[in-house]
Amino acid sequence: MKNYLKIISGITFASVVIGAIITGVVWESFGVFFVSLIGGILVAFIAVCQHLAIAEVLENQERILFRLQAIEKNIKTAQKQCINCKRIVTTDYSSCPQCGGRMFR
Ligand SMILES: [Zn+2]
């Protein structure tokens with residue numbers, strides 16, 4: 001779990017507890033305090049779970065993007081140019097697909 005998520009979770013749960021205490025004091029009732037505490041914790045728990053799910057999706061996207069960039073870099077470096085027609089082809093070609101030439105630079 002990332003640090004900012006820990007902080008967000010901490011703040012969320014702390015404000016839920018404080019909110020429940022204030023509500024209980026205002027209503028002068030332990031029952032109200034208890035119900036708002038449980039309700040608040042449930043809502044906060046769902047919110048934190050959503051945060052975690054989004055963070056995981058973002059992390060996956062970052063990983064995929066990194067891999068794509070690595071592949072793209074490989075493709076760019078594995079190129080050669082036909083001496084005859086100047087067409088740029090990847091190194092897996094043994095002859096130029098445009099003019100059939102076999103000389104590359
Ligand atoms: Zn060519």
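## Contacts and overall form

In this predicted model, residues 24 or more positions apart account for 24% of the protein's contacts with a separation of 6 or more. Buried residues make up 6% of the 105 residues in the protein.

The dimensions of the protein can be read from its C-alpha atoms. Along the principal axes, the C-alpha atoms fill a box of roughly 90 × 20 × 15 Å. The radius of gyration of the protein is 30 Å, whereas a compact globule of 105 residues would have a value near 13 Å.

## Confidence of the prediction

The mean pLDDT of the protein is 88, and 98% of the residues score at least 70. Among the elements, the lowest mean pLDDT belongs to H1, at 85, and the highest to E1, at 90. Where pLDDT is low, predicted coordinates should not be read in detail.

## Order of the elements

The protein contains two helices and two strands. Read from the N terminus, these elements follow the order α-α-β-β. Helix H1 covers residues 3–27, and helix H2 covers residues 30–77. Strand E1 covers residues 79–81 and strand E2 residues 88–90.

## The two helices

Helix H1 has 25 residues, and the distance from its first C-alpha to its last is 36 Å, close to the 36 Å expected at 1.5 Å a residue. Helix H2 has 48 residues and reaches 70 Å between its first and last C-alpha atoms, close to the 70 Å expected at 1.5 Å a residue. Two of the 48 residues of H2 are buried, so this helix lies largely in the open.

Ser-9 lies in helix H1. Ser-9 has 17 other C-beta atoms within 10 Å and is therefore partly exposed. His-51 is 42 residues from Ser-9 in sequence, and the two are 9.3 Å apart in space, C-alpha to C-alpha. Val-35 is located in helix H2. Because Val-35 has 15 C-beta neighbours inside 10 Å, this residue counts as partly exposed. Phe-104 is 69 residues from Val-35 along the chain, and their C-alpha atoms are separated by 77 Å.

## Loop residues with positive phi

Most residues other than glycine have a negative phi. Glu-28, a residue other than glycine, has a positive phi near 50 degrees. Glu-28 is found in the loop between helix H1 and H2, and its positive phi occurs just after H1. Glu-28 counts as exposed because it has 8 C-beta neighbours inside 10 Å.

Lys-86 also has a positive phi, near 70 degrees, and is likewise a residue other than glycine. Lys-86 lies in the loop between strand E1 and strand E2. With 11 C-beta neighbours inside 10 Å, Lys-86 counts as exposed.

## The segment after E2

Cys-96 belongs to the segment after E2. Cys-96 has 21 C-beta neighbours inside 10 Å; since a residue is buried at 20 or more, Cys-96 counts as buried.

Leaving aside residues up to four places away in sequence, Cys-96 touches Cys-82, Asn-84, Cys-85, Arg-87, Val-89 and Gly-101. Among these, Val-89 is within the range of strand E2, 88–90. Ile-83 is 13 residues from Cys-96 in sequence, and the distance between the two in space is 9.4 Å, C-alpha to C-alpha.

Terms used
Residues are numbered from 1 along each chain as its sequence is written. This is a predicted model: local features need pLDDT of at least 70, side-chain atom pairs count only at pLDDT 80 or more; totals for chains, interfaces and linings use all residues. Helices (H or I, at least four residues) and strands (E, at least two) are DSSP runs, numbered from the N terminus. The expected span of a helix is 1.5 Å times one less than its number of residues. A residue is buried if 20 or more other C-beta atoms lie within 10 Å of its own, exposed if 12 or fewer, and partly exposed in between; C-beta atoms are placed from the backbone. The radius of gyration is taken over C-alpha atoms; the globule rule is 2.2 Å times the number of residues to the power 0.38. Two residues are in contact if their C-beta atoms, placed from the backbone, lie within 7 Å. pLDDT is the predictor's confidence in each residue, from 0 to 100.
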